[in-house]
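Below is a brisk report on one protein model.

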Amino acid sequence: MSVSGPANELNGITPLQQMVASCSGALLTSLFVTPLDVVKIRLQAQSSPFSKGKCFVYCNGLMDHICVCENGNTKAWYKAPGQFRGTLDAFVKIIRNEGLKSLWSGLPPTLVMAVPATVIYFTCYDQLCAFLKRSLGCSPDKAPLLAGALARVGSATVISPLELMRTKMQSRKLSYRELHVCLQSSVATDGWLALWKGLGPTLLRDVPFSAMYWYNYEQGKKWLCEKYGTREPTFMITFTSGAVSGSIAAIATLPFDVVKTRRQIELGELEALNISPKKSTSTFHIMGRIITENGISGLFAGFLPRLIKVAPACAVMISTYEIGKSFFRKRNADRELQKSSEHNFTSE
């Protein structure tokens, strides 16, 4: 099947080609970032072993996933076969003792949701940005801000029920039939909105992040192109713009990330024990609890690890995506040129 379709091309590229480019970027980002998170989790497990029913956050570079420890140190990404003296030592010992593939432990199941979410998000952003500029007369500076926010709302809303199902299946070891009964019961009690439980805190973090990220990325890319006198952004321009804009957005939204992670872990552990939460789980109540327990600095916990994770993930994802789009744009232009040449030849 061809991935071209000139009838609905936008800026020389079709939506399907945008999806292929974003899918490639998502897979490459996961392959690059997952080993960093696996090593981080293993180091955490070494200093504070996870007990049964304990939750931890697993990130594949595209999405954060809450995982429940089932039988102490048995899962590949948090078992501790030896003592690690640091990050580099952990990399070496994991590869030597367990093989190279252990660095990507737990990746395949999470990609089932992370890749479609990323494809929806990036494709929607490009389509919305072009629509806002073309049809609504939105200024080129403001369009990325609004398109980024709307694209994140859309992708998070689509994926939220699937992530809820995945967490329930893992925490309670439910079969698909039992999951269906559990979801039916939740919907009957709380209505259809029960399927989007936890969407609010996700949007509070991800929507501002997305709006800031795309605005700063487009501005940075434009500035660097002007500085180096190039019409088309190079790999280094997109990579640098992605890393810097991702870092800015990550720092600005860190308090909401801390709150969302705390909420996910608390609810995940209660879910594993089949206990209803007694404390309020609203974003601002949890924020208040964190400030009471740890002060304002508690809202900025994990500053450096988040920055180290987000900056390269954003850089790899956007630069790969832009390379993919550039490839398809050139391919489409060459095909149009070939068709034009053939048409001129036959008309003569």
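## A residue in helix 3

Leaving aside neighbours within four places in sequence, T118 is in contact with S22, A26, L62 and M317. Contact here means heavy atoms within 4.5 Å. T118 sits in helix 3, residues 107-134. T118 counts as buried because its relative accessibility is 7%. The classes rest on relative accessible area: buried is under 20%, exposed is over 50%, and partly exposed is in between, with a 1.4 Å probe and protein chains only.

This is a predicted model, in which local features need pLDDT of at least 70, side-chain atom pairs count only at pLDDT 80 or more, and totals for chains, interfaces and linings use all residues. Residues are numbered from 1 along each chain as its sequence is written, and side-chain values use heavy atoms, with hydrogens and water left out.

## Overall layout

The protein has 10 helices and 2 strands. Helices (H or I, at least four residues) and strands (E, at least two) are DSSP runs, numbered from the N terminus. From that end, the order is α-β-β-α-α-α-α-α-α-α-α-α.

Of the 348 residues in the protein, 47% are buried. Take the contacts between residues at least 6 apart in sequence: 72% of them join residues at least 24 apart.

## Nonpolar cores

The largest nonpolar core holds 36 residues. Such a core is a set of buried Ala, Val, Leu, Ile, Met, Phe, Trp, Tyr and Cys residues joined through side-chain atoms within 4.5 Å. Y58, L62, F122, F209, Y213, W214 and I318 touch the most other members. Two or more residues come from each of helix 1 (15-47), strand 1 (55-59), helix 3, helix 4 (143-172), helix 6 (199-227), helix 7 (235-252) and helix 10 (303-347). Helix 3 gives the most, with 11 residues.

Not counting residues up to four places away in sequence, F209 touches G246, A249, A250, T253, R306, V310 and C314. Another core lies apart from the largest one. This other core has 7 residues, among them L254, V258, V259 and I290.

## Helix 3 against helix 6

Helix 3 and helix 6 pack at an angle of about 55°, and their axes are 13 Å apart. Axes are lines fitted to C-alpha atoms, for helices over the stretch in contact, and angles run from 0 to 180 degrees between N-to-C directions. The angle makes helix 3 oblique to helix 6. Angles under 35 degrees count as roughly parallel, over 145 as roughly antiparallel, 65 to 115 as roughly perpendicular, and the rest as oblique.

The crossing of helix 3 and helix 6 is right-handed. A crossing is right-handed if the near helix is turned clockwise from the far one by less than a right angle, and left-handed if anticlockwise. Helix 3 brings Y121, F122 and Y125 to the contact, and helix 6 brings S210, W214 and E218. By type, the contact residues are 4 nonpolar, 1 polar and 1 charged. Ala, Val, Leu, Ile, Met, Phe, Trp, Tyr, Cys and Pro count as nonpolar, Asp, Glu, Lys and Arg as charged, and the others, Gly among them, as polar.

## Helix 6 against helix 7

Helix 6 and helix 7 pack at about 145°, with axes 8 Å apart. This crossing is also right-handed. The helix 6 side of the contact includes F209, M212, Y213 and N216. The helix 7 side includes G246, I248, A249 and A250. The contact residues divide into 11 nonpolar, 8 polar and 1 charged.

## Further residues

S155 has its place in helix 4. S155 counts as buried because its relative accessibility is 1%. Beyond neighbours within four places in sequence, S155 is in contact with A117, I120 and Y121.

V244 belongs to helix 7. V244 is partly exposed, with a relative accessible area of 46%. V244 and A315 are 71 residues apart in sequence, and their C-alpha atoms are 8.2 Å apart.

L307 is part of helix 10. L307 touches S247, I251 and P312, residues up to four places away not counted. The C-alpha atoms of L307 and I251 are separated by 7.4 Å, and the two residues are 56 apart along the chain.
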